[in-house]
Amino acid sequence: MTPARTSRPGWTARLLLLALCVALMLAPQIRAFPVPQADLVIDKATFSLADGQDERVALPHIWPRSAGYGPTQARYELDFTLGDTPQDPVYITVPAVRHHLAGTINGRELIAVGVIETWLDPSGGTARRFRVQEGALKVGVNRIVLTLERRHGAVSGYLSTLYVGGTQMVVRDHWSRAFGTERIRAAAHAMHLVVVIALVTLWSGRRRDPAFGWLLLLSAANFVVAVPNETNLPPAFAFLKPYFVFALPAFSFMAIGLSMAVTGMPVPRWVRVSVLGMPLALVLVAAATGGPRPLLAFTSAAISICAQFTAGFITTRAYLRQGGWEVGLLAIPFFLTAWYGLRDIGVATGIVDGGFLFSGFVRPLTMLIVLVLLMRRLTFSLDEIDRANETLRERLSEREAELAALHEKERQRTAQLVREQERQRLMHDLHDGLSGHLVSIIALSERHEADREQIERAAREALNDLRLVINSLDIGDRDLPLALASFRERLERQLRRMGVQLSWSMENLPEVSGLTPAHALSILRLLQEAVTNALKHGPATRIAIRGEAGDDGAALLVVENDGRNTFGDGKGHGLDNMRRRAERLGGHVKLTPTHAGMRFTFTLPTALPEAAA
């Protein structure tokens, strides 16, 4: 997934990207959260930590460093005065609180509203709203007792100002958005899972691209750790929570590997080793020293922050040198993670005032940018495919044009070869047929007692044979009916002069394909010879010629006459020549007697062979 080489970004693009990054970094300090429109604001409380001494504090309040590390509990007592008992339901809004919060008012439990702690670990900060039970309030001084419990880690507790009001406060309260935090994080987990599935699909098809492998590794590992870390684990697995902080360096070194792969840089071996080596080393140190300690947790966070800054600088440098806004966009979550990590360390230790840890909110932004990056790379890949397809189409068109030209040349050469073969066959037929007739005419004319009728008959036979050859020259593939029609026209005139009756029918003749001039000449010669023999040996007074379809679909040409055996004893050379000629056409001939004379049947296939003599 090496970025495409584009022009270097201008100053406008650089400034816009820088402004976006800085705005996201400073958003928690610039944008103040809206204050609920409450009837009563409580900003003073009596605070005690782990059965320690009470002290009066102002809200918002951050636990002191004496809270130490690990599970602990703090107690807040807040008093307020009512002039009369409210008739409408009363709600208490806590805009920001860290850790698990529960409470009572005048000894009666406060009912939490809209809390889905399954999807949210409140140690990172959340908002809470409680409903006061009916009859719990009284005229005069009312006391709220809140218990803030830290179950693991070293993040200090935090309690914001409390706001008391009725239904109208709930309706107008912009903090209602904060009460959807649990649902937002559940949706973020779902979106994260979708991204992981998409990356698995992409990586399975593009394993040779290291960027998809690093994206999949980072997203999948982050999902596996983030879901249990940001949700409430069952008590049996709660001891794992403090160890999740040691996974932070793994994600950060994955970010370095991703930034290098996306920018086309080779990922060094030490980065790959650090992905598992650094978290494993921290876990081993924690196990050897009796469990996770604040110093190890801060060390893990510091390593992660440095690695995230490194990944951000790598992508930023590539963006400034090579271009590609998607590379510059990828630098934003790296810098935000590092910046919010620094801020969260200050918030967790009480150095920085704030109710929320913002590192967890960078993850949905990171997934969004990853989706944008994937879509960008997918678009780039599709553009490459389109360009490749266009190039292939152009080359294919060129090859098709070349093949068409070659095919045309080959067709012309083949046609010329076929014409040459047809010419040779026709010359052979002219030599065997017409020359024989001419020799006979010459021989008869040289006799002193030459018979004029014999000379005339030989000349007519030569002329008929010549006409057969000439008419066959224009015959096409399926023009057998046309050739037969021309033959009939000549035959009728010949038989009419001789006083012979002709019956002709070709309606039932099947279509014959593959016909060439040589084929046509051979078929007409067979019919001509069958008629000649019927006149010569019959002598016939009636001749019937018809076309039929055989039982196997073959084409039949049948010549019947009322004469005697038209081939003498059937053993002469005439019938043998006709059989050989029919075999060259892929057919055969048959001579059978009938009650009125003789029948000559010529069977030929409906698809003639390519060559015929």
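Visitor: With which handedness does α7 pass α8?
Guide: This is a predicted model. In it, the axes of helix α7 (residues 294–322) and helix α8 (residues 325–349) come within 8 Å. The crossing of α7 past α8 is left-handed.

Visitor: Are α7 and α8 roughly parallel or roughly antiparallel to each other?
Guide: Their axes cross at roughly 155°. Angles over 145 degrees count as roughly antiparallel. Therefore α7 and α8 are roughly antiparallel.

Visitor: How many charged residues does the contact of α7 with α8 have?
Guide: Sort that contact by class. It has 18 nonpolar residues and eight polar ones. The number of charged residues there is none: no charged residues.

Visitor: How far apart are the axes of α5 and α8?
Guide: Helix α5 (residues 248–262) packs with α8 at an angle of about 170°. That makes α5 roughly antiparallel to α8. The axes of α5 and α8 are 11 Å apart.

Visitor: Which residues of α8 make the contact with α5?
Guide: From α5 come Ala255, Leu258, Ser259 and Val262. By class, the contact of α5 with α8 has six nonpolar residues, one polar and no charged. The α8 side is made by Val327, Leu330 and Phe334.

Visitor: At what angle do α5 and α6 pack?
Guide: The axes of α5 and α6 are 8 Å apart. α5 is roughly antiparallel to α6, and over 145 degrees is the cut-off for that label. The angle for α5 and α6 is about 175°.

Visitor: Which residues in α6 meet α5?
Guide: On the α5 side are Pro249, Ala250, Phe253, Met254, Ile256 and Gly257. The contact of α5 with α6 has 11 nonpolar, two polar and no charged residues. In α6 the partners are Trp270, Val271, Ser274, Val275, Met278, Pro279 and Leu282.

Visitor: Which residues have the most contacts inside the largest nonpolar core?
Guide: This core has 54 residues.

Visitor: How many residues are in the second, separate core?
Guide: Its members include Ile475, Leu509, Leu515 and Leu608. This core is separate, and its residue count is 38.

Visitor: Which peptide bond is cis, with omega near 5°?
Guide: Go to the loop between β3 (55–58) and β4 (61–62), where Pro60 lies. The cis bond runs from Leu59 to Pro60.

Visitor: Is Ser160 buried or exposed?
Guide: Ser160 lies in the loop between β12 (158–159) and β13 (162–165). Beyond its neighbours within four places in sequence, Ser160 is in contact with Leu59, Pro60, Val94, Pro95 and Ala96. Its relative accessibility is 6%, and buried means under 20%. So Ser160 counts as buried.

Visitor: Is His99 buried or exposed?
Guide: His99 is found in the loop between β6 (91–98) and β7 (100–105). It has a positive phi of about 85° although it is not a glycine. With a relative accessible area of 2%, His99 is buried.

Visitor: What is the relative accessible area of Asn106?
Guide: Asn106 sits in the loop between β7 and β8 (108–109). It is not a glycine, yet its phi is positive, about 55°. Asn106 is partly exposed, with a relative accessible area of 27%.

Visitor: What distance separates the C-alpha atoms of Arg98 and Phe356?
Guide: Arg98 lies in strand β6. At 0% relative accessibility, Arg98 counts as buried. Arg98 and Phe356 are 258 residues apart along the chain. Their C-alpha atoms are separated by 7.3 Å.

Methods: Residues are numbered from 1 along each chain as its sequence is written. This is a predicted model: local features need pLDDT of at least 70, side-chain atom pairs count only at pLDDT 80 or more; totals for chains, interfaces and linings use all residues. Side-chain values use heavy atoms; hydrogens and water are left out. Axes are lines fitted to C-alpha atoms, for helices over the stretch in contact, and angles run from 0 to 180 degrees between N-to-C directions. Helices (H or I, at least four residues) and strands (E, at least two) are DSSP runs, numbered from the N terminus. Angles under 35 degrees count as roughly parallel, over 145 as roughly antiparallel, 65 to 115 as roughly perpendicular and the rest as oblique. A crossing is left-handed if the near helix is turned anticlockwise from the far one by less than a right angle, and right-handed if clockwise. Ala, Val, Leu, Ile, Met, Phe, Trp, Tyr, Cys and Pro count as nonpolar, Asp, Glu, Lys and Arg as charged, and the others, Gly among them, as polar. Contact means heavy atoms within 4.5 Å. A nonpolar core is a set of buried Ala, Val, Leu, Ile, Met, Phe, Trp, Tyr and Cys residues joined through side-chain atoms within 4.5 Å. Buried means under 20% relative accessible area, exposed over 50%, partly exposed in between (1.4 Å probe, protein chains only).
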